[in-house]
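Here is my note on the model, as numbered points. Please read it with the structure open.

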Amino acid sequence: VDYKTDYNFSAVKKIAFLSDTGQVYGVNPLQLSDMQRDRIHEALSYALTNRGFQMVADAAQADLLLSWNLVTEHVTDVRSWGSLGMGYGGIYGVYGGYNCWSCGGAQDISVRSYTQGTFIVDMIDPTLDKSVWRGVTQSPLKGNKREEQGKYNEAATAMFAAFPP
């Protein structure tokens, strides 16, 4: 979370969605359905309403405008680890001299490819026409066909846990 330190957040009561919110960018952009966008809007509204804010449809009545974007990127995670095997007599051998005939050990490699999502929420002051608060979260994106609203609500609630600052 980042925010404008000299901004008066105590004056904020009403929030509206920016008209062109919900864009997806990146090397591997997802095509969000209208149902997915609605779930995201509902979750963000849910979290803010639970924090005492009123969501309004008319941006002209809002103290802040909410904009969200999703940035996707393809990630390849390569991890390697080895196991150190000891020969007869351990690392020092039977007579105390170095005698490690199998110290090379085995090397294991794991490769995992996935799409990383960075979800960005900006709160924009319509008078200043500038962002005054930003929340960012990242996670691997899953290809679930049916997503439950509760998971969206939990994520939005976590994002707005410290809003207003």
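1. Start with phenylalanine 53. Phenylalanine 53 sits in the loop between H1 and strand E4 (54-55). The model is predicted. Is phenylalanine 53 buried or exposed? Its relative accessibility is 8%, so phenylalanine 53 counts as buried; the cut-off for that is under 20%.

2. Which residues does phenylalanine 53 touch, leaving out those up to four places away in sequence? They are Val12, Lys13, Ile15, Leu48, Phe163 and Pro164. Take isoleucine 15 from that list. The C-alpha atoms of phenylalanine 53 and isoleucine 15 are separated by 7.0 Å. Along the chain, these two residues are 38 residues apart.

3. A cis peptide bond joins phenylalanine 163 and proline 164, with omega at about -5°. Proline 164 is in the segment after H2. Most residues other than glycine have a negative phi, and most peptide bonds are trans. Please check this bond by eye.

4. Aspartate 129 lies in the loop between E6 and strand E7 (130-140). With 63% relative accessibility, aspartate 129 counts as exposed.

5. Now the aromatic rings. How many aromatic pairs does the structure hold? There are eight. Phenylalanine 9 and phenylalanine 163 form one that is edge-to-face. The ring centres are 5.9 Å apart, with 85° between the planes. The pair links distant parts of the chain, 154 residues apart. Phenylalanine 9 is in the loop between strand E1 (2-3) and strand E2 (14-17), and phenylalanine 163 is in the segment after H2. Both partners are buried: phenylalanine 9 has a relative accessible area of 7%, and phenylalanine 163 has 0%.

6. Why is the pair of tryptophan 68 and phenylalanine 119 called tilted? The ring centres are 5.5 Å apart and the planes lie at 35°, so the pair is tilted. The edge-to-face class needs over 60 degrees, and the stacked class under 30. Tryptophan 68 is in strand E5 (residues 64-83) and phenylalanine 119 in strand E6 (residues 106-125), so the pair ties together parts 51 residues apart in sequence. Tryptophan 68 and phenylalanine 119 are buried.

7. Which residues form one aromatic cluster? They are Tyr3, Tyr7, Phe9, Phe53, Trp133, Phe160 and Phe163.

8. Valine 78 is exposed, with a relative accessible area of 54%. It touches Ile109, Ser110 and Val111, not counting residues up to four places away in sequence. The C-alpha atoms of valine 78 and arginine 112 are separated by 6.6 Å, although the two are 34 residues apart along the chain.

9. On to helix H2 (residues 149-159). Its buried residues include Gln149, Tyr152, Asn153, Ala156 and Met159. They cover an arc of only 125° around the axis, which puts them on the same side of H2. An α-helix has 3.6 residues a turn, so residues three or four places apart point the same way. On the other side of H2, Lys151, Glu154 and Ala158 are exposed.

10. How do the helices meet? The axes of helix H1 (residues 34-50) and H2 come within 8 Å and cross at roughly 45°. That makes H1 oblique to H2. The crossing is right-handed. From H1, the contact is made by Gln36, Arg39, Ile40, Glu42, Ala43, Leu44, Tyr46 and Ala47. From H2, Gln149, Tyr152, Asn153, Ala156 and Thr157 take part. Among these, Gln149, Tyr152, Asn153 and Ala156 are buried.

11. Last, the chain as a whole. It has two helices and seven strands. From the N terminus on, the elements run β-β-β-α-β-β-β-β-α. Buried residues make up 34% of the 165 residues. Among contacts between residues at least 6 apart in sequence, 75% join residues at least 24 apart.

Definitions and conventions. Residues are numbered from 1 along each chain as its sequence is written. This is a predicted model: local features need pLDDT of at least 70, side-chain atom pairs count only at pLDDT 80 or more; totals for chains, interfaces and linings use all residues. Side-chain values use heavy atoms; hydrogens and water are left out. Buried means under 20% relative accessible area, exposed over 50%, partly exposed in between (1.4 Å probe, protein chains only). Helices (H or I, at least four residues) and strands (E, at least two) are DSSP runs, numbered from the N terminus. The arc is that of the directions from the helix axis to the C-beta atoms. Rings of Phe, Tyr and Trp (its six-membered ring) pair if their centres lie within 6.5 Å; planes under 30 degrees apart count as stacked, over 60 as edge-to-face and the rest as tilted. Axes are lines fitted to C-alpha atoms, for helices over the stretch in contact, and angles run from 0 to 180 degrees between N-to-C directions. Angles under 35 degrees count as roughly parallel, over 145 as roughly antiparallel, 65 to 115 as roughly perpendicular and the rest as oblique. A crossing is left-handed if the near helix is turned anticlockwise from the far one by less than a right angle, and right-handed if clockwise. Contact means heavy atoms within 4.5 Å.
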